[in-house]
Each structure stands twice: as structure tokens, then as C-alpha cells.
Amino acid sequence: MAFDGFTIAGIKQELAGNLTDSRVMKIIQPESDEIYITFKKNSDTYRLLISSNASLPLIYLTDMKKEAPKEAPAFCMLLRKHLQNGRVISITQPGMERVIDITIEHMDEMGDMKPRHLIAEFMGKHSNIILVNDEDVILDAIKRVPAQVSSVREVLPSRKYFIPGTDKKLDPYECRLEDFNDKLKECPGEILKSLYMSVTGLSPMTANEVCERAGVDADRASSSLSAKEKESLFNALKDIIREITDNDFKYAIYTDDDKLEFSVINLINRQPSKVFDTASRLLIEYYRKKEIKNRINQKSADLKKLVSNYLDRAYKKRVLQESDLKKTESREKYRVYGELLQAYGYNVQSGADSITVENYYDNNNPITIPLKKELTPQENASSYFKRYNKLKRTFEAATVQLKETCDEIRQLESIAEALNFSETEDDLSQIKSELIDLKYIKQSSSKINKKILSIPLKFISKDGFEIYVGKNNYQNEEITFKLASSDDWWFHAKNIPGSHVILKTDGKEIPDSTFEEAAALAAHFSKGKDQKKIEVDYTRKKELKKPPGGAAGFVIYHTNYSMVASTDISSIRQVENTQNI
């Protein structure tokens, strides 16, 4: 979810509950677009971070302490003048706007108590932090916006404060069904876009939830909606608004298809990966995870490029080797020519350029054998045997080489998938160690420990069974041959690179639904994850063998079952795995 009006509503509710009647104790401006305020309420201390960063505007309560710059910026000094020691009297959100208004009562120069509004706007590149007096006049802003920059609204001292564009969208708190229907007509196109373009505070994710609750396909054209479907959408929107009004928030992170998302409202058809008790804790954890994910993506970029280059070479090598093999398909023909010439060569006429004989390898059907006039029948036979033996040697060598190349491609493709599933720097270290073992990377002086924190993913089925998923070939190896018992079940996407999945049985009978969940995990953590369904092999762990000299994660099996499994794992609960194998 974007930092939309619904997220702001969740944050506002938390801030109002904690900061109302608190005192402003300290204000610093650690960054040019960031304010950090310390509040005191009775014996409790609260620290509020407000960022107007264009790419990541944020507001949340935090335990993190910030250092003040040696010299306070002018805007920070103005805030101290008007807000320091002031009392928070209210924290509000205008409608469902992406705006929070912290109203602080402070004594002015005349000794009178006057309210001041610290307004935080979260509008992408237009995000700002603005100080406004009790007459809605701007005192200053962390980002001044002159007329040359914006023709819609100037954000400068002495200008009147207002929220731009509030009359263009519907207020979800106040709108009626008739207004809702009229607005949808004004915003043609797919329903999802029509919703978030029509209603204040909606992001695409929230608009999709409205469609889910209404049972309406979000990709349909809004012009195709019936009156009943429009009413269903309106009622679904109002249901969510009632949840907001009742402070019935659900702060959760969702991990689907390698994407990280969060929501402050209940998503009826999605299973959260982690739930939080406050909006602040949700946002802190979400952006921490997102930062880690971005860092891992950056650090894995070089490895992905390396693996991609080696894969391209291997693909080209396979094409050449397959071409060489195809050329050897005629080898048996030359052997037959040689043997038939040895048997019937006495019939060859002097100077003849061919001979037709009965082919006793093919029901005595006639066959014509080309001849070189200058050679005797025996010399022609010998020439054909030489060609046969050369092609036979080429066939045998190319067959071995092709198998080696296919094994190399399989291993590299599995490493490429593992890079997509990497979640920590330790995961990348394991993959790098594997690439060193396979001689794709030269061993550096500082050796990488491939056994470092080998922690696979862990899930719990609806019936309470543990399911483990390897994120790379070392983890695949370890969960299969160290974690799994002989009667545990092993799953893997059929004939494509993917993770090993181990379903722990603990000696119990496994219900069909748990088999389906384990198979779904094998399907999702594979190269076929972008398809809706793929075929998955599964067998007892005792049926698996590791061939001598086989690469990490490579197994063979001759007894197995198969099923077609969904790649959707949104309903399977992931838990933290602290078990280091």
C-alpha cells in the first residue's frame, strides 16, 4: 500500500491516543526535509519523526534517537519559537486527505495562549511540513514553494494555507451513492483506476480491496458496471470507512510474488506474513525490510550478471553441441555401407560410381551405395568405416559434453533462482561460495564460509505441520539430507529449477490439504512461479539419492508421485525460523 489516506488515518489514530495533552520538549531538524520532535506526557516520552522526503514521506513514533546538527536550520528555530513547551490539543486528518494536522497550544509574545498547526502533507514530490497560525496563515514551511514552481498553491510565509485539489475527489466519509455513481462516470477506464481517481485517500491497493469485498473484477471497465455492482462497490467502501471510524485497523505486512506490501486495513483475501499492534511499528518494520531488500538487490546485481553471462555461454555451447550431435546421425549409414561393400564388393564394375545391393539390415530392400571411381571396393569400404568411426567418436564425446553442459545449465539456473529468493547477506555469501566451488569465481584470500547461518524458510500448514524451503542449493542440500527424516516428504517443481521443500511428518498421517500446501510452496519457489499452476514431483526422502560427485542440491529418484499445484502461497503462514542446520 502507498502512504495513502487510510494509512494516514491509522497513524493519526495512534498519534492522537499517545500525544494529545503531551508537551513539546525538544525539536531538531536532522535532515533538510525531516523534523524530529520529543514529547513528554506524564512519565512517558514519545519521539515523532516526520519526513517530507519526495521519494519516502513518512510519519511515525520511534525509539530511535537522532542527533541535532551543530547549527539549527531557520525552520527548526521557528518551530522552537512557536511550539517549544506547547501542549498538543488535537491531532486530526482533514477528511481522508494525506495530511496530519498537529494542533499545539503555545503562548505568544503577548502572553496569550494561541493554537499553532504543524501540518504534515504526504503527497509524493509535493510532500511538505508547514507551520500555520490560528488564522490559517502560513508562518513558514520546510520546503518553500513559490509561484514559479507551482501555479496551484504557493507555500510561503503570509500566504493563506489550503489543501490543493480537495474539490476534485469525493470525501469517502461524506459521499452518497448518487455522488459515487456520478463520479465513476466522470472517470472512465478500468474500475480499479476509476476508484482511486474518484475517491480521496484511495491507493490502488485500497481500491483493489474495495473490488475484492464487492466481488467485482478490478480490471473491468467502469462503464460495464450494473447499478447493483456500483452499489456493491459503494457499500464495500463504506464498510472500510466504518472500520476506520471504529479504529478497527489491522496493521500487517504482506509478502506475495516477491513483492513487499503493507496495509492498515483488513485484506479479506490475503494472508499477512506479520501483524503489528501499532501503525508506527508496522511502518518501521516495513521500511526496514524494504531497505534490506533493496540492499540485497543491489549486492546481488553483480552475481546475477555473472550467472547470466555464464548461462548465455552455456546456452550457446549447448546449441553448438546439439548441432554436432545432429551431424553424427548419419554414422550408422556409413557403417552399413562399409559392411555391405565388404559383402558385395566383388560385384562392383570397374570405374562404377555406385552399386545397388540388397540391404540385409533392412529386410533385403535394395540400397544404392555411392563409390569413388579411383578406389577399389575394399578401399571404398575402408573409407566408409573411417567416416563411421570418426562420427562415432564425435557422437560419444559430444554426448558427454552435452550432458555436462545441460548439468551446468541446470545448476546455473538453480543459482539464478536462488538469487531471486535471497533475503539476507548470508544467503548471498552461500551462493557466492557455491560459485567459488564451481570455479566461476576465483577464491579470494578471505575465504567465505559456506556454512554461515544456513537458515531456510519455515512455514506452518493449516493442520500444524512444519514445512521447510531451501533458498539456495546449500540449503536445499541440508534440509534434504540433514533436516529431513526418511519418512518425511520431499517436493520439487517437475523438470525446472526450484527449491527443495521438506514436509515434516513427525510420524503422523498427512492430510491432502497439507500435501497441496507443500506442493504450492515448491511451485512458488521455482522458475515456474509466474504461472498459475505447475506440475510438482513429490516422494519420501528415503527415495532420494545423491549421485557421487553430484553438485550441491542435485538428487535423483526413481519412485515418485506428481500433482499439479498452484503457485499462490498467500494463505500459507510463514514463521520465523531460528534453527541453524
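This is a predicted model: local features need pLDDT of at least 70, side-chain atom pairs count only at pLDDT 80 or more; totals for chains, interfaces and linings use all residues.
Colleague: Which residues of helix 3 are buried?

Modeller: Helix 3 spans residues 177-186, and its buried residues are Phe180, Asn181, Lys183 and Leu184. These four lie on the same side of helix 3, because the arc they cover around the axis is only 165°.

Colleague: What do the buried residues of helix 3 pack against?

Modeller: They pack against helix 4 (191-198) and helix 6 (227-245). Lys185 and Glu186 are exposed, on the face of helix 3 turned away from its buried side.

Colleague: How are two packed helices described?

Modeller: By the angle between their axes and the distance between the axes. Here, the axes of helix 7 (residues 279-327) and helix 10 (residues 425-437) cross at roughly 15° and come within 10 Å. Helix 7 is therefore roughly parallel to helix 10, as angles under 35 degrees count as roughly parallel. The crossing of helix 7 past helix 10 is left-handed.

Colleague: Which residues in helix 7 and helix 10 meet?

Modeller: From helix 7 come Arg295, Ile296, Lys299, Ser300, Leu303, Leu306 and Val307; from helix 10 come Glu425, Leu428, Lys432 and Leu435. By class, the contact has six nonpolar residues, four charged and one polar.

Colleague: Does Glu408 count as buried or exposed, and where is its place?

Modeller: Glu408 is in helix 9 (residues 377-421). Its relative accessibility is 18%, so Glu408 counts as buried; the cut-off for buried is under 20%. Leaving aside residues up to four places away in sequence, Glu408 touches Ala314, Lys317 and Tyr440.

Notes:
Residues are numbered from 1 along each chain as its sequence is written. Side-chain values use heavy atoms; hydrogens and water are left out. Buried means under 20% relative accessible area, exposed over 50%, partly exposed in between (1.4 Å probe, protein chains only). Helices (H or I, at least four residues) and strands (E, at least two) are DSSP runs, numbered from the N terminus. The arc is that of the directions from the helix axis to the C-beta atoms. Contact means heavy atoms within 4.5 Å. Axes are lines fitted to C-alpha atoms, for helices over the stretch in contact, and angles run from 0 to 180 degrees between N-to-C directions. Angles under 35 degrees count as roughly parallel, over 145 as roughly antiparallel, 65 to 115 as roughly perpendicular and the rest as oblique. A crossing is left-handed if the near helix is turned anticlockwise from the far one by less than a right angle, and right-handed if clockwise. Ala, Val, Leu, Ile, Met, Phe, Trp, Tyr, Cys and Pro count as nonpolar, Asp, Glu, Lys and Arg as charged, and the others, Gly among them, as polar.
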